[in-house]
Amino acid sequence: MLKKRQTEVYAVGQHIPMSAHKAQRVIDQIRGRSYEETLMILELMPYRACYPIFKLFYSAAANASYILDSEKTNLIISKAQVHEGTTVKKLKARARGRSYPIKRSTCHISIVVKDISLEEYIEVDFLPWSKKPGWKNKYTNMIDHNMYSSEGVWDKK
């Protein structure tokens, strides 16, 4: 019998103080890349969004090495998403007692890392839930088969 094995691990960063568009520009470059390639790209890109994404990717790789017990060289980024977070709205004091609105946008980033050396399905000899249910044997004896026969209850007077 085949059982699905866990081959993907994720890391989520919430309320990261940058716009989702700026983070999406970096995420599009690293999606589908290997571990070493992603580290090189994130260290050499000149964008401010690279550092929080680097920390998040490093966390996902650490989760994979701990949970899946795999080496970091076998990891690829299978899914990377950026969503808009909450927008913090402030008022900045201006001349003549007026105010000017300031919007600080945040984003949520999730990175899913997959180990390519692991097989998705493993063969298992026995699974505890693969036993046939015991209720069939328990309740089939409750039906009185003599009731429907020629000598059963319906024919007696």
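Phenylalanine 57 counts as buried, at 1% relative accessibility. Buried means under 20% relative accessible area, exposed over 50% and partly exposed in between, with a 1.4 Å probe and protein chains only. The model is predicted: local features need pLDDT of at least 70, side-chain atom pairs count only at pLDDT 80 or more, and totals for chains, interfaces and linings use all residues. Residues are numbered from 1 along each chain as its sequence is written, and side-chain values use heavy atoms, with hydrogens and water left out.

## Overall layout

The chain has 4 helices and 5 strands. Both are DSSP runs numbered from the N terminus: helices are H or I with at least four residues, strands are E with at least two. Along the sequence the pattern reads β-β-α-α-α-β-β-β-α.

Of the 157 residues in the chain, 28% are buried. Contact means heavy atoms within 4.5 Å. Among contacts between residues at least 6 apart in sequence, 70% join residues at least 24 apart.

## Aromatic pairs

Rings of Phe, Tyr and Trp (its six-membered ring) pair if their centres lie within 6.5 Å; planes under 30 degrees apart count as stacked, over 60 as edge-to-face and the rest as tilted. The count by this rule is 2 aromatic pairs. One of them joins tyrosine 35 and phenylalanine 57: it is tilted, with 5.6 Å centre to centre and 35° between the planes. Tyrosine 35 lies in helix α2 (residues 35-44) and phenylalanine 57 in helix α3 (residues 50-67), so this pair ties together parts 22 residues apart in sequence. Tyrosine 35 is buried, with a relative accessible area of 9%.

Phenylalanine 54 and tyrosine 58 also pair. Their ring centres are 6.2 Å apart and their planes stand at 20°, so this pair is stacked. Both residues lie in helix α3, 4 residues apart, about one turn of the helix. Phenylalanine 54 is partly exposed at 21% relative accessible area. Tyrosine 58 is partly exposed at 43%.

## Packing of α2 and α3

The axes of α2 and α3 come within 9 Å and cross at roughly 160°. That makes α2 roughly antiparallel to α3. Axes are lines fitted to C-alpha atoms, for helices over the stretch in contact, and angles run from 0 to 180 degrees between N-to-C directions. Angles under 35 degrees count as roughly parallel, over 145 as roughly antiparallel, 65 to 115 as roughly perpendicular and the rest as oblique.

The crossing of α2 and α3 is left-handed, a term for a near helix turned anticlockwise from the far one by less than a right angle; clockwise is right-handed. From α2, Tyr35, Thr38, Leu39, Leu42 and Glu43 meet Cys50, Ile53, Phe54, Phe57, Tyr58 and Ala61 in α3.

## Charges over rings

A charge sits over a ring if NZ of Lys or CZ of Arg is within 6 Å of the ring centre and within 35 degrees of the ring normal. Arginine 25 lies over the face of tyrosine 47, 4.2 Å from the ring centre. The charged end of arginine 94 sits over the ring of tyrosine 100, 5.7 Å from its centre.

Isoleucine 102 lies in strand β4 (residues 99-115) and is partly exposed at 30% relative accessibility. Not counting residues up to four places away in sequence, isoleucine 102 touches Val88, Lys89, Lys90 and Lys92.

Aspartate 69 lies in the loop between α3 and β3 (75-93). Its phi is near 55°, a positive value in a residue other than glycine. Arginine 96, in the loop between β3 and β4, has a positive phi near 60°. Aspartate 69 is exposed at 69% relative accessible area, and arginine 96 is exposed at 79%.
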